[in-house]
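Let's take a walk around this protein, looking at its pockets, its surface and a couple of its loops. Have the picture open as you read.

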Amino acid sequence: MIAVIVLALVGLAFAAYQAKARISYGALCITGNSCNAVTNSTYSSLFGIPVALIGLLGFVLLIAATAYAYAVNDKKALKPLLLISTAGLAFVSYLIYLEVTVLHAICSICTVSHVIGIAIWILVVFSLWKY
């Protein structure tokens with residue numbers, strides 16, 4: 001569970017950076033220059049809300065749910081965490097689909113957040129299986 005919190009904190013930092021980049025219309029890519037194409041596209045908002053802010057909220061919820069599950073140490077407490085991480089996995093899958101098939105641009109900063117979200121889901125599923 002500690003690994004999930006650490007990953008979620010790192011994801012929170014990347015999502016905060018992405019939100020700032022979205023607001024200021026400029027992102028510093030780790031590699032290439034596709035970040036601006038992605039963060040400034042029409043797909044960078046969902047119902048008027050920047051997807052980076054949705055990511056921020058998701059990581060905050062993951063941290064809270066993980067801390068709760070860790071505190072009560074009960075398998076039932078992992079269910080909200082599974083729900084949140086599965087919703088995150090679905091959202092990340094949608095964003096990856098958009099980058100690859102619609103935008104034809106890969107944002108390296110976004111990819112870090114995507115990998116973190118996928119890793120968190122794997123850790124949660126493994127924790128449930130192991131419990």
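## The largest pocket

Helix 4 gives the most to the lining of the largest pocket, with 10 residues. Helices here are DSSP runs (H or I) of at least four residues, strands are E runs of at least two, and both are numbered from the N terminus. A pocket is an open set of points on a 1 Å grid over the protein atoms alone, where a 1.4 Å probe fits and protein lies on both sides within 12 Å along at least five of seven lines; lining residues have an atom within 4 Å of a point.

Helix 1 (2–24), helix 2 (35–39), helix 3 (51–72), helix 4 and helix 5 each put at least two residues into this lining. In total 33 residues line the pocket, with Val51, Ile54, Gly55, Phe91 and Leu95 nearest its centre. The volume is about 600 Å³, counted as the space filled by probe spheres set on the points, which are joined across faces, edges and corners. Sorted by class, the lining has 20 nonpolar, 11 polar and 2 charged residues. Ala, Val, Leu, Ile, Met, Phe, Trp, Tyr, Cys and Pro count as nonpolar, Asp, Glu, Lys and Arg as charged, and the others, Gly among them, as polar.

## How to read the model

This is a predicted model: local features need pLDDT of at least 70, side-chain atom pairs count only at pLDDT 80 or more, and totals for chains, interfaces and linings use all residues. Residues are numbered from 1 along each chain as its sequence is written, and side-chain values use heavy atoms, leaving out hydrogens and water.

## The second largest pocket

Next comes a pocket with about 230 Å³ of space. It has 13 lining residues, and Met1, Leu78, Ser127, Lys130 and Tyr131 sit closest to its centre. Helix 1, helix 3 and helix 5 each give two or more residues to this lining, and helix 5 gives the most, with 4. The lining splits into 9 nonpolar, 2 polar and 2 charged residues.

## Two loop residues

Phe47 sits in the loop between strand 1 (45–46) and strand 2 (49–50). Its phi is positive, about 55°, although Phe47 is not a glycine. Is Phe47 buried or exposed? Phe47 counts as exposed because its relative accessibility is 79% (exposed means over 50% relative accessible area, buried under 20%, partly exposed in between, with a 1.4 Å probe and protein chains only).

His104 is in the loop between helix 4 and helix 5. Its phi is also positive, near 55°, and His104 isn't a glycine. His104 counts as exposed, at 64% relative accessibility.
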